[in-house]
Amino acid sequence: MGHFKINQKDLLFILKEQLNWGSLCELDRYKGLNEKTLELLISEAINFAKGVVDPLNEIGEKQGVKWDKGDVLCPDEFKTAFRKYGEDGWTAAVRDEEYGGQGFPHMVRIIVNDIMYGASQSFNMAPSLTHGAAHLIESFGTKELKDIYLRNMYTGIWAGTMCLTEADAGSNLANTQTTAVPEGEHYKICGTKVFISWGNHDLTQNIIHLVLARIEGAPEGVRGISLSVVPKMRVNPDGSVGESNDVFCSGIEKKLGLHASPTAVLNFGNKNECIGYLCGTENMGLAHMFQMMNAARINTGVSGMSIASTAYRNALEYTRSRIQGRDIANRKKGDVAIIDHPDVRRNLLWMKAAVDGMRSLIYTGAMWSDLSQELPEGADKERYSDLVDFMTPIVKAYCSDLGFRVCEIAIQCLGGYGYCKDFPLEQYLRDSKIMSLYEGTNGIQATDLLGRKMSMKNGAPFLAFKAEVEKFYTQNSDHPELGRHIKFLQTTAVKLWELAQNMQARMKEDPLQWASYTYPALVAFGELTVVWRLLDMAVVAMPKSVIKGKANDFYRGKVLAATYFADVTLPHTVATIETCMRNGREILDIDDNAF
């Protein structure tokens with residue numbers, strides 16, 4: 001039996017009963033679909049994950065990847081799986097049929113990634129990055145570029161990457177030094193990119209890099225960056241793979257985790273023979289790349305949640321079968337399964353709630369994203385777009401951090417065995433740590449949330465989010481069973497709105513003090529959001545938690561997870577809000593030499 005564990009019923013509860021995702025089929029783009037078809041797709045994705053992707057996690061961890069004079073060698077099983085992933089339609093499930101897609105709702109991409117990341121994070125990054133790179137070409141490239149690259153990328157024949165980071169720039173893309181010099185209908189690319197996930201490998205004959213570079217004579221800063229399509233191998237006029245395009249991998253990183261995902265250093269144009277093709281508008285490269293960057297940020301949060309989900313399920317299985325110790329209240333004779341011990345149950349319930357809450361948060365944002373793209377022009381479309389903007393840094397930062405915490409608690413449930421390689425939990429912990437660093441560290445996400453996302457469009461993203469939470473607690477504060485918890489959410493939310501206003505003023509008056517507390521403020525937003533989504537699930541589940549006088553374990557579990565998480569989390573949220581509004585300046589006043 002593989003390591004990957006998932007309960008399809010948990011996914012469908014959120015999608016069908018909480019979000020009513022079948023309503024998407026009323027939109028013009030999805031008229032030919034129905035909820036039954038969408039549900040079948042999830043079943044098939046889980047089957048594919050368990051049958052094809054799951055075994056790769058252990059294979060990849062044991063074999064890793066090897067750099068050999070510029071080549072990167074991967075396990076053979078990864079090559080077969082990557083091609084089958086594309087051939088079976090998972091890479092392009094949500095794309096239009098013109099270039100090999102199947103036209104499913106955009107949010108299906110998130111659900112498929114939830115499933116596949118849980119089965120093997122290292123592997124699924126490759127098709128996920130390929131999809132993102134191909135979608136950039138589809139969105140901004142010329143018809144010629146689309147015809148050359150898209151079908152091969154979407155069907156798993158070629159792969160793709162995003163190439164942003166440079167050694168001396170890091171997250172500060174304004175300092176990008178890679179150059180693009182015009183030469184006829186193409187550009188000569190020269191520069192070095194670092195930390196490029198799946199930047200080189202032998203899964204495919206060709207890798208299509210989407211590279212940020214500065215065209216000769218362009219303005220300084222981010223306004224002078226353009227986006228280029230740079231294939232590893234040149235493409236012949238007939239579409240076949242040609243000679244090398246002067247893209248050389250000079251090494252791969254030795255990392256804490258994700259040992260089967262090569263993180264490459266790429267040198268473009270060492271011999272001045274690297275050719276790239278402009279994708280989109282000159283000097284608008286960063287604006288174009290934000291499409292892929294924002295998707296990657298959301299998928300980083302998805303990864304944190306997905307790994308946490310299978311970690312929780314593995315811990316749950318172990319605690320049911322591990323016999324150790326006597327029941328503290330003598331309810332059972334002899335030694336009992338450790339799931340009977342209250343402290344273990346506390347950990348299990350917290351993990352269950354954390355995973356459910358993160359998944360609901362992410363799926364809700366995914367549905368908002370779908371509506372923001374497919375609704376006709378108007379106020380609703382704009383509102384959903386604002387909601388997605390606001391939720392993106394919360395999904396990325398809060399879910400990556402909370403997911404890591406779940407992996408830690410899952411190890412705790414196994415005791416010493418959790419620390420050993422006999423079980424997959426220690427790998428989950430190592431693999432998930434990178435999520436708080438990917439795509440802009442979580443500190444950067446916090447300044448984005450408490451800065452730009454609060455102020456852009458006169459605060460529209462924040463106000464849209466605020467309205468959604470207020471709508472929920474206004475409609476449900478008198479709920480006969482859940483009213484107390486929902487009122488607690490309401491009083492906490494009012495304090496959080498006050499903090500948001502306070503932080504806005506501080507950003508203008510005292511930016512250093514503001515920046516000292518943006519991360520804990522983001523945590524407060526994340527905690528409130530997860531509690532909101534859990535209580536919303538509880539409202540849906542409550543009528544079904546007792547059927548014909550008999551408790552329904554599944555629905556009752558949703559209610560108890562929500563009330564527990566709300567009661568143990570919101571006091572922490574309130575305390576965090578208070579600390580964010582303190583006037584102490586120790587963070588700023590301490591001298592560098594005093595650390």
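A crossing of two helices is called right-handed if the near helix is turned clockwise from the far one by less than a right angle. With that in hand, here are some close-up views of this predicted model.

**View 1. Helices α2 and α4 meet in a right-handed crossing.** Here α2 packs against α4 (residues 107-119) at an angle of about 30°, and their axes are 8 Å apart. Angles under 35 degrees count as roughly parallel, so α2 is roughly parallel to α4. On the α2 side, look for L41, I42, A45, I46, F48, A49, V53, D54 and N57. They face V108, I111, I115, M116 and A119 of α4 in this contact. Sorted by class, the contact has 12 nonpolar, 1 polar and 1 charged residues.

**View 2. Helices α12 and α13 pack with a left-handed crossing.** The two helices, α12 (residues 460-476) and α13 (residues 483-509), pack at about 155° with axes 9 Å apart. That angle makes α12 roughly antiparallel to α13.

**View 3. W497 and the largest nonpolar core.** Stay with W497 for a moment: among the 192 residues of this core, W497 joins I115, M289, M351 and F525 as the ones that touch the most other members. Helix α9 supplies the largest share of the core, 18 residues. Leaving out residues up to four places away in sequence, W497 touches F462, F465, K466, V469, E470, Y473, F525 and L528.

**View 4. I394, a buried residue of α9.** How accessible is I394? Its relative accessibility is 0%, so I394 counts as buried. Beyond its neighbours within four places in sequence, I394 is in contact with L361, C399, L449, F525, G526 and T529. For a sense of scale, find L24 too: the C-alpha atoms of L24 and I394 are separated by 24 Å, while the two residues are 370 residues apart along the chain.

**View 5. Q445, a buried residue of α11.** Q445 lies in helix α11 (residues 442-455). Buried here means under 20% relative accessible area, and Q445, at 1%, is therefore buried. Which residues does Q445 contact, leaving aside its neighbours within four places in sequence? They are R297, P393, K396, A397, E439, G440 and L522.

**View 6. Helix α10 is mostly covered.** Of the 9 residues in α10 (residues 425-433), 7 are buried.

**View 7. Helices α15 and α16 cross left-handed.** The axes of α15 (residues 518-541) and α16 (residues 553-580) come within 8 Å and cross at roughly 155°. Angles over 145 degrees count as roughly antiparallel, so α15 is roughly antiparallel to α16. The residues of this contact divide into 18 nonpolar, 4 polar and 2 charged.

Notes
Residues are numbered from 1 along each chain as its sequence is written. This is a predicted model: local features need pLDDT of at least 70, side-chain atom pairs count only at pLDDT 80 or more; totals for chains, interfaces and linings use all residues. Side-chain values use heavy atoms; hydrogens and water are left out. Buried means under 20% relative accessible area, exposed over 50%, partly exposed in between (1.4 Å probe, protein chains only). Helices (H or I, at least four residues) and strands (E, at least two) are DSSP runs, numbered from the N terminus. A nonpolar core is a set of buried Ala, Val, Leu, Ile, Met, Phe, Trp, Tyr and Cys residues joined through side-chain atoms within 4.5 Å. Contact means heavy atoms within 4.5 Å. Axes are lines fitted to C-alpha atoms, for helices over the stretch in contact, and angles run from 0 to 180 degrees between N-to-C directions. Angles under 35 degrees count as roughly parallel, over 145 as roughly antiparallel, 65 to 115 as roughly perpendicular and the rest as oblique. Ala, Val, Leu, Ile, Met, Phe, Trp, Tyr, Cys and Pro count as nonpolar, Asp, Glu, Lys and Arg as charged, and the others, Gly among them, as polar.
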